[in-house]
Amino acid sequence: QMSGTARHDQEMVIKAKRSLSKTTDPLERLRLQCLAKGSAGIKGLGRAFQIIDGNNSRTLDFDEFLRGLRRYAVVINKEEAQELFRIFDKDGSGTIDFEEFLVTLRPPMSYARKQIIMQAFQKLDKTGDGVITIEDLRGVYNVKYHPKYMNGDWTEDQVFRAFLDNFDSPDDKDGKVTTEEFMNYYAGVSASIDTDIYFIVMMKHTWKL
């Protein structure tokens with residue numbers, strides 16, 4: 001099911017790396033550095049922030065923000081990071097809300113694209129609790145044709161887990177995918193697809209919507 005997006009992923013990584021050499025805008029540079037890590041790039045940065053936000057405040061001060069960027073191997077100097085931080089610290093409180101930060105960082109998507117992504121999420125989230133787990137995937141995602149299932153290497157649950165890992169960040173795979181993570185992942189895929197029509201057709205085909 002992911003093969004259609006793998007090719008786009010590759011194209012996007014190449015495109016992001018190429019654009020990176022031409023742009024000086026700090027927000028765009030950060031966005032491109034994330035996209036250069038593939039579709040899950042922006043979500044991965046979110047996870048790096050989550051790990052650093054030890055007290056679960058969902059906010060970051062400047063030191064935490066800088067640590068998160070460095071942890072995720074973002075190439076940025078302190079001045080650039082300060083400029084970025086100021087853009088997001090709208091009320092001048094010295095902290096930023098990192099969900100808001102990630103939403104702004106996502107490549108812009110049309111309403112039609114967001115709608116189809118949510119349709120796919122709702123189809124997968126059978127229990128309707130806003131999180132996709134292995135239990136949700138039973139009966140929705142067919143593992144029968146997965147090569148590793150066919151040759152007996154993996155159980156059904158292992159195939160499901162590998163599938164969920166597509167949407168999870170490499171550093172912190174927890175086997176659960178939230179609406180936010182799903183949206184961040186597809187924002188990455190969306191960045192590599194020029195037209196809404198093609199994106200919608202791809203989503204309908206992938207998720208049988």
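## L45 and its neighbours

Let's start with L45. In this predicted model, L45 touches L30, C34, G68, L69, Y72, F101 and L105, leaving aside residues up to four places away in sequence.

L45 belongs to the largest nonpolar core, which has 30 residues. Along with L30, F49, F65, L69, F101 and L105, L45 touches the most other members of that core. The elements giving two or more residues to this core are α1 (3-20), α2 (26-35), α3 (41-52), α4 (62-71), α5 (78-88) and α6 (98-105). Which of them gives the most? That is α2, with five residues.

## Where α2 meets α3

Now look at two of these helices together. The axes of α2 and α3 come within 7 Å and cross at roughly 105 degrees. An angle from 65 to 115 degrees counts as roughly perpendicular, and α2 and α3 therefore are roughly perpendicular to each other.

At their contact, L30, C34 and L35 from α2 meet G41, I42 and L45 from α3. Sorted by class, this contact has five nonpolar residues, one polar residue and no charged ones.

V159 leads us to helix α10 (residues 156-165), where V159, F160, F163 and L164 are buried. Why do these buried residues line one face of α10? Seen down the helix axis, they fall within an arc of 135 degrees, so they line one face.

The buried residues of α10 pack against β3 (131-132), α8 (134-137), α9 (147-150), β4 (177-178) and α12 (196-207).

Technical notes. Residues are numbered from 1 along each chain as its sequence is written. This is a predicted model: local features need pLDDT of at least 70, side-chain atom pairs count only at pLDDT 80 or more; totals for chains, interfaces and linings use all residues. Side-chain values use heavy atoms; hydrogens and water are left out. A nonpolar core is a set of buried Ala, Val, Leu, Ile, Met, Phe, Trp, Tyr and Cys residues joined through side-chain atoms within 4.5 Å. Buried means under 20% relative accessible area, exposed over 50%, partly exposed in between (1.4 Å probe, protein chains only). Helices (H or I, at least four residues) and strands (E, at least two) are DSSP runs, numbered from the N terminus. Contact means heavy atoms within 4.5 Å. The arc is that of the directions from the helix axis to the C-beta atoms. Axes are lines fitted to C-alpha atoms, for helices over the stretch in contact, and angles run from 0 to 180 degrees between N-to-C directions. Angles under 35 degrees count as roughly parallel, over 145 as roughly antiparallel, 65 to 115 as roughly perpendicular and the rest as oblique. Ala, Val, Leu, Ile, Met, Phe, Trp, Tyr, Cys and Pro count as nonpolar, Asp, Glu, Lys and Arg as charged, and the others, Gly among them, as polar.
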